[in-house]
Amino acid sequence: MNKKVLVSAFALSMVFGLTGCSSEKPEEKKEDTKVVEKKEEKKEEKKEESTDAVLVREISSKTYTVTIPQLTSFYTPSRDGLEVKTEVNEQQISYTLEDEFGDFKMAIYVNPISAESAEAYANRINEGFKDDESEQYKPSTVGDFSGFRKVTTSENPSFKCKDNLLLDFESVDGSAVVMSVTVEQFNDSDTADMEVAMKAILGNMKVEVK
């Protein structure tokens, strides 16, 4: 009898031991799942942070921070199949939109240029072109934005059009910032996309000044 009791007790202890082990494993799996989820969330956050183009530039003892969301999130070119590249250097934010065959190319440049007014800046440049009105900046409006604009065209085989707008852009804190937005187009005389692109940039740009 004693042997049977001992065997039964041993068998029961094995069953409880196995049950205890099996109850611990799901908890470990849950912890692992949570860790994986947290890592995935961090990756997604990093991806979201990297979509904005941010330029920080110092001019006349002021620090200008220009932020523009990912270009394709607010602007859709009328042409299909364009590759969009974004570059930020010490001076400006630039975008290049180009098809794979090189038949069409558009470039966009955005940068803060001065602590003075857009009018004063434009007049200073115009002083050097008194005898050539085609090179002068003139009052102009693009959508809801007013400033001083110069449009230059060329009739060479790789047709080029350059549209530059200087304006007093309102910063986040309400102060005026002189911004330059330039759109250039190559190899195509249909320039309808140029002003559309400029309006899109102006409507989605944010500037902070410190």
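Tutor: Leaving aside neighbours within four places in sequence, M179 is in contact (heavy atoms within 4.5 Å) with V66, V110, N111, P112, L165, L166, L167, F169, M205 and V207. The model is predicted, so local features need pLDDT of at least 70 and side-chain atom pairs count only at pLDDT 80 or more, while totals for chains, interfaces and linings use all residues. Residues are numbered from 1 along each chain as its sequence is written, and side-chain values use heavy atoms, with hydrogens and water left out.

M179 is also one of the residues with the most contacts inside the largest nonpolar core, which has 35 residues; V66, V110 and M205 are others in that group. Such a core is a set of buried Ala, Val, Leu, Ile, Met, Phe, Trp, Tyr and Cys residues joined through side-chain atoms within 4.5 Å; buried means under 20% relative accessible area, exposed over 50% and partly exposed in between, with a 1.4 Å probe and protein chains only. Elements giving two or more residues to this core include β2 (62–68), β5, β8, β9 and β10 (206–209). Helices (H or I, at least four residues) and strands (E, at least two) are DSSP runs, numbered from the N terminus. The largest share, 6 residues, comes from α3.

Apart from this core lies another, of 8 residues, among them Y121, A122, F148 and V178. Y121 and A122 are, with A118 and N126, the buried residues of α2. What covers these residues includes β5 (105–114), β7 (145–154), β8 (160–170) and β9 (176–186).
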